[in-house]
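Please look at the sequence and the model shown here, with attention to how its helices present their side chains. The report is meant to be read alongside both.

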Amino acid sequence: MRLVLLAIGYVSLGVAALGVVLPLLPTTPFLLLAFWAFTRASPALAERLLRSRRLGPPLRAWQERGEISRAAKIRALLLLLASWVSLVFLLNNSLVLAGVTLCLLGSGVFIATRPGGPRPARDPREQP
């Protein structure tokens, strides 16, 4: 099982890296999947992702608060929509399109309902 999780982690991390440069490929979900797989298969690899200057902060926000930044949410939702529109024109099978639509819709709802955005500043005079 460890090898399967490592393979999922490395493939997901590679797809996430491609998502940085390819316009219709989302980065965030694949990065979270890689982190999940590495957490279970190799805590050292998961820790390495957490220490990354670029990837660490969003992963820590996800790990600690289940949070996805507002910008990442907007990008992910726009890319899901663009993917769906592309598939409407490319797929001839309505049953497959319906299945893909449900998957994309479920992913979009999940992403949209996660906490995100800047945390409100607390007044230092308030008691915790």
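This is a predicted model: local features need pLDDT of at least 70, side-chain atom pairs count only at pLDDT 80 or more; totals for chains, interfaces and linings use all residues.

## Helix α5

Helix α5, which comprises residues 70–90, has 21 residues and reaches 30 Å from its first C-alpha to its last, close to the 30 Å expected at 1.5 Å a residue. Its buried residues are Ala72, Lys73, Ala76, Leu79, Leu80 and Ser83. Viewed down the axis of α5, these buried residues fall within an arc of 135°, so they line one face of the helix.

The cover over the buried residues of α5 includes α2 (28–41) and α6 (94–112), whereas Arg75, Leu78 and Phe89 are exposed on the other side of α5.

## Helix α3

In helix α3, formed by residues 43–51, the residues Leu45, Ala46, Leu49 and Leu50 are buried. Seen down the axis of α3, the buried residues fall within an arc of 145°, and they therefore line one face of the helix.

Among the elements that cover the buried residues of α3 are α1 (2–21), α2 and α4 (56–65), while Ala44, Arg48 and Arg51 are exposed on the other side of α3.

## A nonpolar surface patch

A nonpolar patch on the surface is formed by Ile74, Leu78, Leu81, Trp84, Val85, Val88, Phe89 and Leu90, which together have about 800 Å² of accessible area. Two of its members, Leu78 and Phe89, are exposed residues of α5.

Trp84, which belongs to the patch, lies in helix α5. Because its relative accessibility is 33%, Trp84 counts as partly exposed, a class that lies between the cut-offs of under 20% for buried and over 50% for exposed.

Definitions and conventions:
Residues are numbered from 1 along each chain as its sequence is written. Side-chain values use heavy atoms; hydrogens and water are left out. Helices (H or I, at least four residues) and strands (E, at least two) are DSSP runs, numbered from the N terminus. The expected span of a helix is 1.5 Å times one less than its number of residues. Buried means under 20% relative accessible area, exposed over 50%, partly exposed in between (1.4 Å probe, protein chains only). The arc is that of the directions from the helix axis to the C-beta atoms. Contact means heavy atoms within 4.5 Å. Patches are made of residues with over 30% relative accessible area and no salt bridge: like charges are joined within 9 Å, nonpolar side chains (Val, Leu, Ile, Met, Phe, Trp, Tyr) within 5 Å. Accessible areas come from the Shrake-Rupley method with a 1.4 Å probe; for residues, only the protein chains shown count as cover. A salt bridge is a side-chain nitrogen of Lys or Arg within 4 Å of a carboxyl oxygen of Asp or Glu.
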